[in-house]
Amino acid sequence: MVVLSQPALDDFSVIKTCKPTSGPFNEIPVIDLKNPKAKARIVEACEEFGFFKVVNHGVSMELMEKLESEAVKFFKLPQSQKDRAGPPNPFGYGNKRIGPNGDVGWVEYLLFSTNLEFISQKSLSIFQKNPEVFRCAVNEYVSAVREMVCEVSEMIADELKIEPRNVLSRLLRDEKSDSFFRLNHYPAISFSELQAVRVSGRNVVGFGEHTDPQIISAVRSNNTTGLQISLRDGAWVSVPPDHHSFFINVGDSLQVTSNPILLKFPVSSLVMTNGRFRSLRHRVLADSLKSRVSMIYFGGPPLGEKITPLPSLMDEGEESLYKEFTWCEYKKSAYKTRLGDNRLRLFEKNGGN
Ligand SMILES: C=C1C[C@]23C[C@@]1(O)CC[C@H]2[C@@]12CC[C@H](O)[C@@](C)(C(=O)O1)[C@H]2[C@@H]3C(=O)O
Ligand SMILES: O=C(O)CCC(=O)C(=O)O
Ligand SMILES: [Fe+2]
């Protein structure tokens, strides 16, 4: 079952394993974007989990399936051909190695800038047969998902009474927005290999635990398990897959709200809301008999954008919990860290250096 060009798990001593975790978690907030109460429920979910599922989102299943089938075709290519689209520094094909600092996972992927020129110039030159079909599928999908994420961001602003309501969405729509798009493929693991890891009481890590550094991310996957989130008590729970929906993830840069709330929920998190929202840790386990294909839009601001608490969310005299920094500074610092590091700590006023 493992894709031919992949090494067997036995050869894969570098892949980390972790203890088995509990089953599906059925309390993930489900937000119907057309429901009149959606705004309040989104804000609640950002505070409580930093994560929620979106239904009735307006992105057509056709777009999702078209891109998924293009991705599957790409990941089925011979390894030598896929390698020609790498390395992923900063964008392109990557296999097992995640980021520049030694992290590895049972995953291969394509990483793009959502800057369209970049997509057409480098990454897509590799799809020799039909680069246009792939390019269209990526562009149409990213545009639709970006719009949906912008709508969610505007609903957050409305509920928090932040003006103007496009205070976040304008950053994502900006033509200089430093947003990424990622296609991940977690090859299936054969029955015997699966038994071997299960006997040893472990799970194979596809994508190690981390928070996303950007403002907000939207994950869509095929109908395969694997994604897990970390709850407040540190327990890891599995997100039941749903290929019709999106899972929205609050990123490090999304601004936090108020100190009292931060004290109530002492999780390291978002800057823009000064601690109110939560950028939660998530990871992907790869031990499934079925391969997982996921597509993630990471909405980031333009490089020069200052990441500071939104003034309208600060009480008079209230101070930011974070040093002032630009997205460019945060990103540079993030790329010096390991996947599982707490990247925001370095920017806390009373922490880091
Ligand atoms: C280990 C790393 C991979 C990552 C860059 C980093 O140095 C730390 C953040 C990682 C992450 C997590 C979310 C996204 O998948 C990603 C593209 C991002 O923006 O930050 C990855 C980076 C990556 O894979 O290059
Ligand atoms: O592949 C997934 O489902 C999630 C991967 C992820 O969290 C990431 O790429 O940042
Ligand atoms: Fe992530």
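**Entry 1. Ligand 1**

I began with the shell around ligand 1, which by class holds eight nonpolar, four polar and four charged residues. The model I am reading is a predicted one. I counted 16 residues around ligand 1 and noted the closest as Gly99, Asp103, Asp212, Tyr335 and Leu339. I then looked up which elements give two or more residues to this shell, and found β5 (103-113) and β6.

**Entry 2. Ligand 2**

I listed the surroundings of ligand 2 next. Arg182, Asn184, Phe207, Asp212, Val219 and Ser221 are among the residues around ligand 2; I also recorded Leu227, His282, Val284, Ser294 and Ile296 there. Sorted by class, the shell around ligand 2 has five nonpolar, four polar and two charged residues. Which elements each supply at least two residues of the shell around ligand 2? I found four such strands named: β6 (180-186), β8 (216-221), β14 and β15 (292-299).

I traced an open sheet of five strands, in the order β1-β7-β14-β9-β10, with antiparallel pairing. The edges are β1 (17-18) and β10, each with a single partner strand, so each has one side without a neighbour in the sheet.

I then examined β9 (residues 227-230) in detail.

**Entry 3. Partners of β9**

I followed β9 to strand β14 (residues 282-285), to which three bridges join it in an antiparallel arrangement. Within this pair, glutamine 228 stands opposite arginine 283, and isoleucine 229 has histidine 282 as its bridge partner.

**Entry 4. Helix α9**

I looked up the buried residues of helix α9 (residues 327-334) and recorded Trp327, Tyr330 and Ala334. Why do they line one face of the helix? Seen down the axis of α9, the buried residues fall within an arc of 65°, so they line one face. I set beside this the general rule that an α-helix has 3.6 residues a turn, so residues three or four places apart point the same way. I also looked for what covers the buried residues of α9, and found that the cover includes β16 (306-307) and β17 (325-326).

**Entry 5. Whole protein and confidence**

I recorded nine helices and 17 strands for the protein. Of its 353 residues, 42% count as buried. Among contacts between residues at least 6 apart in sequence, 70% join residues at least 24 apart.

The protein averages a pLDDT of 85, and 85% of the residues score at least 70. The model scores ipTM 0.99 and pTM 0.91. I marked residues 1-5, where pLDDT stays under 50 and the model has 12 contacts beyond four places in sequence. I marked residues 256-270 likewise: pLDDT stays under 50 there, and the model has 46 contacts beyond four places in sequence.

Methods:
Residues numbered from 1 in each chain as written. Chains lettered and ligands numbered in written order. Predicted model: local features only at pLDDT ≥ 70, side-chain atom pairs only at ≥ 80, totals over all residues. Buried ≥ 20, exposed ≤ 12 C-beta atoms within 10 Å, placed from the backbone. Arc of directions from axis to C-beta. Contact = placed C-beta atoms within 7 Å. Pairing = 2+ DSSP bridges. Near = placed C-beta within 6 Å. Nonpolar A, V, L, I, M, F, W, Y, C, P; charged D, E, K, R; others polar. pLDDT = per-residue confidence, 0-100.
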